[in-house]
Amino acid sequence: MFARRRTALRSLTLLLCLLTSSTAFSAEWYAVTSDNFTLYSDGPEDQTKGLVQKVEIFRNTALALLGLPDEPAKQPLLIVVYNNPRDFSRINPKNSAGFYYDSIFGPRMLMRGIGLDIADQGTLFHEYVHYLLHQRSQF
């Protein structure tokens with residue numbers, strides 16, 4: 001029960017940070033949806049679409065390598081990618097490149113960088129593995 005309260009409090013705090021972010025009300029945020037993901041980004045629209053394609057390819061490859069069935073998730077993973085590092089730093093107390101968490105609203109992943117370089121893509125794939133382990137773990 002304590003863990004649920006902590007998760008709910010963390011989700012509420014994150015929501016408030018997102019709402020007070022200077023770009024939260026910007027018209028330059030894009031949403032791209034696939035069967036498995038919803039990705040929001042303040043980066044260019046074409047790069048946002050490309051990032052969803054990359055994470056779909058990574059998902060299919062990871063499932064195949066691990067011998068896991070390609071089943072639809074109960075809820076698509078919500079990914080928020082901040083192209084503006086200053087805005088990401090406002091919600092990231094650990095000063096990391098990204099993080100995954102499971103909230104009462106569903107699985108969430110937040111990261112900085114639109115994924116154009118190998119470090120950004122590595123962060124995206126690293127955080128997706130956290131999601132995959134959490135969703136598919138037998139433990």
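**View 1. The pairing of E4 and E5.** Strand E4 and strand E5 (residues 106-112) pair in the antiparallel sense, over six bridges. Strands (E, at least two residues) and helices (H or I, at least four) are DSSP runs, numbered from the N terminus, and two strands count as paired if DSSP finds at least two bridges between them. Look for tyrosine 100, which stands opposite methionine 109 in E5. This is a predicted model, in which local features need pLDDT of at least 70, side-chain atom pairs count only at pLDDT 80 or more, and totals for chains, interfaces and linings use all residues. Residues are numbered from 1 along each chain as its sequence is written, and side-chain values use heavy atoms, leaving out hydrogens and water.

View 2. Five strands form an open sheet with mixed pairing, in the order E1-E2-E3-E5-E4. E1 and E4 (98-103) stand at the edges with a single partner strand each, so one side of each has no neighbour in the sheet. From one strand to the next, the twist averages 15 degrees.

**View 3. Two helices across the sheet.** Helix H2 (residues 45-66) lies across E1, E2 (37-41) and E3 (77-82), running at about 145 degrees to E2. Helix H4 (residues 118-136) lies across E2, E3, E4 and E5, at about 25 degrees to E4. Axes are lines fitted to C-alpha atoms, for helices over the stretch in contact, and angles run from 0 to 180 degrees between N-to-C directions; contact means heavy atoms within 4.5 Å.

**View 4. Threonine 33 in E1.** Threonine 33 lies in strand E1 (residues 30-33). The C-alpha atoms of threonine 33 and lysine 49 are separated by 8.7 Å.
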